[in-house]
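I opened the model today to look up a few residues and one surface feature. My notes follow.

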Amino acid sequence: MSSYDKPLPTPTPDSQPFWDACRNGELTCQQCDDCGKIWFPPSRYCPACLSQQNSWVPVSGKGSVYSFTVFRRAYHPGFANQIPYVVALVEL
């Protein structure tokens with residue numbers, strides 16, 4: 001078996017719960033305990049009401065493609081053998 005050669009994210013204290021859930025096969029986002037807003041990427045403050053009270057909640061992963069692009073150039077050697085590939089922005 002070959003080694004994994006693609007770049008890996010570096011979790012931060014704010015994003016660690018997200019990566020832990022991914023490792024368990026779950027997709028999660030933060031949800032404000034005060035106003036109910038769900039958001040991603042992680043932050044300490046709710047983008048709607050600025051509350052610092054939030055929880056990580058599972059989300060379905062279903063969504064709509066908002067935008068996409070087709071990469072025809074490898075910006076990292078780990079993706080060179082997968083050209084072309086699609087990168088999409090999905091609204092959950």
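I started with R72 and found it exposed, because its relative accessibility is 62%. My cut-offs: buried is under 20% relative accessible area, exposed is over 50%, and partly exposed is in between (1.4 Å probe, protein chains only).

This is a predicted model, where local features need pLDDT of at least 70, side-chain atom pairs count only at pLDDT 80 or more, and totals for chains, interfaces and linings use all residues. Residues are numbered from 1 along each chain as its sequence is written, and side-chain values use heavy atoms, with hydrogens and water left out.

I placed R72 in the loop between β4 (64-71) and β5 (85-91). Strands are DSSP runs of E, at least two residues, numbered from the N terminus. Leaving aside neighbours within four places in sequence, I found R72 in contact with I83 and P84. Contact means heavy atoms within 4.5 Å. I also checked R72 against D14: their C-alpha atoms are separated by 33 Å.

Next, Q30. I found it in strand β1 (residues 28-32). Is Q30 buried or exposed? Q30 counts as buried because its relative accessibility is 4%. Its side chain makes a polar contact with the side chain of N54 at 3.0 Å. A polar contact is a pair of N or O atoms within 3.5 Å; within protein, one must be able to donate a hydrogen and the other to accept it, and residues adjacent in sequence count only if both atoms are side-chain atoms. A polar atom of the Q30 side chain also lies 2.9 Å from the backbone nitrogen of S43.

Last, V86. I located V86 in strand β5. V86 is exposed, because its relative accessible area is 54%.

Definitions and conventions: Helix = DSSP H or I, 4+ residues; strand = E, 2+ residues; numbered from the N terminus.
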